[in-house]
Amino acid sequence: MKTMAYCLIVDDEPDIRTLVALFMKREGVTTLEAADLAEARERLAANEEIDLCLADMRLPDGNGLDLVDEIRQQRPDLPVAVITAHGQVEAAVRALKAGAFDFINKPIEQDTLRRLLRDARNLQPGRPTTNAPAETDGGDSPLIGQSRAMRQLREMIGRLARSQAPIFIQGESGTGKELVAREIHNHSSRAGGPFVPVNCGAIPGELIESELFGHHKGSFTGATRDKPGLFRAAEGGTLFLDEIAELPLPLQVSLLRVLQERRVRPVGGTEEVPIDVRIVSASHQDLNQAVTDGRFRQDLFFRLNVIGLRVPPLRERLDDLPALASAIVARLAARDQRPVPGIDPAVLQTLASQPFPGNVRELENLLERAMALTDGERITDQAVAPHPMMTGEEEPGSALGACPGFIPETDEQHDVLAALQQTRWNRSEAARRLGMTLRQLRYRLQKWGVE
């Protein structure tokens, strides 16, 4: 952890500066003070060892955002946190979009300062968390490939990892949105904390509030003990809310309050509990359209989409197919404890001609099937010939025939249908591979009309 030497406090209220200075002194940090933008610029010009800057949004000679922008351009490694009045959500979001590291609300609490200082210390220059994920063609990295789209994605992840701002990841099903969220977490100041993924579309509507916020014993039928909830399980780390568009509207109101207040109230509870969690959300749906349709709250989207990140579909990065295929085959061979088969050049030509609506997940399923059909040392073109999973045609006698027209939308639906196809619709084996009970699998199939 970085040894922090100097913190610059920019605020026209002497009491605020004194409060922050006393806290920093107890933490072994020397403070410099400025009452306005002009004085702040002088302090910054005179001291190259400033490690953290706290700036009020409203200053006598201008806006704190001006200072954020100047520091971002001149000293990009210096984290700046803005101080906002309580309830000024739009101001905080503007600051984060402008490049602020984080924000704190007035009245300033010591726990908030302690969290802020911890995160700033974890962002020391040269630490791996400040760098983009390593450039790689394969290996252990989940972000494989050297296409322009993947290089840009890795670069963005390196930038976004430095901030505490909420991030919204947009991408088609199967593009690897959770992998991207994990990379952001792993390269952030929160890498030492938990990464908690939640598929909002996989939790029954009547249980999701309890799952997210926790509950007290006896608060509803079946609540036989206290449960902390997933927000508190992610304390000090990152909570990844996948398929956020599936959240029911009443829960969207509750989530908005949590994001604004940084506190959760368990079901059946009377007191709110402070939380220290970074939110990363994702969806394969167009949330702007969901807002227009009235299915998603505009104010919540505004709060989640402080920084947007798009994950490219496979068809936009076909140059990465050879590296992706090699990495996937090597991983599957290691899992099955078998020699790694070679891949005929004709196989890559066949793969490159496919539309891959299921993206990398579909490619993985296809190669897993090809390996199962391969007894020799090489995967041939015949093993990856077009089949129902790639063409969209139905297999004779498959359970899909009982629900014509069903198109999987969520990542979970793709996973479930892929597992069923791989096991020839053996529900017990598919449930085992998916890590769920047979009852849970049947519940989902009934819910989707796939029976």
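How many salt bridges does the count come to? The count comes to 32, where a salt bridge is a side-chain nitrogen of Lys or Arg within 4 Å of a carboxyl oxygen of Asp or Glu. The model is predicted, so local features need pLDDT of at least 70 and side-chain atom pairs count only at pLDDT 80 or more, while totals for chains, interfaces and linings use all residues. Residues are numbered from 1 along each chain as its sequence is written, and side-chain values use heavy atoms, with hydrogens and water left out.

One of the salt bridges joins Asp-56 and Lys-106, at 3.2 Å from N to O. Asp-56 lies in strand E3 and Lys-106 in the loop between strand E7 and helix H5, 50 residues apart; helices (H or I, at least four residues) and strands (E, at least two) are DSSP runs, numbered from the N terminus. Asp-56 has a relative accessible area of 6% and is therefore buried. Lys-106, at 16%, is buried as well. Buried means under 20% relative accessible area, exposed over 50%, and partly exposed in between (1.4 Å probe, protein chains only).

A second pair, Glu-155 and Arg-159, meets at 2.7 Å, N to O. Both residues lie in helix H6, 4 residues apart, about one turn of the helix. Glu-155 is partly exposed at 41%, whereas Arg-159 is exposed at 52%.

Glu-172 and Arg-315 form another salt bridge, at 2.4 Å from N to O. Each lies in a loop, so the pair ties together parts that are 143 residues apart in sequence. Glu-172 is partly exposed, with 26%, and Arg-315 is partly exposed, with 44%.
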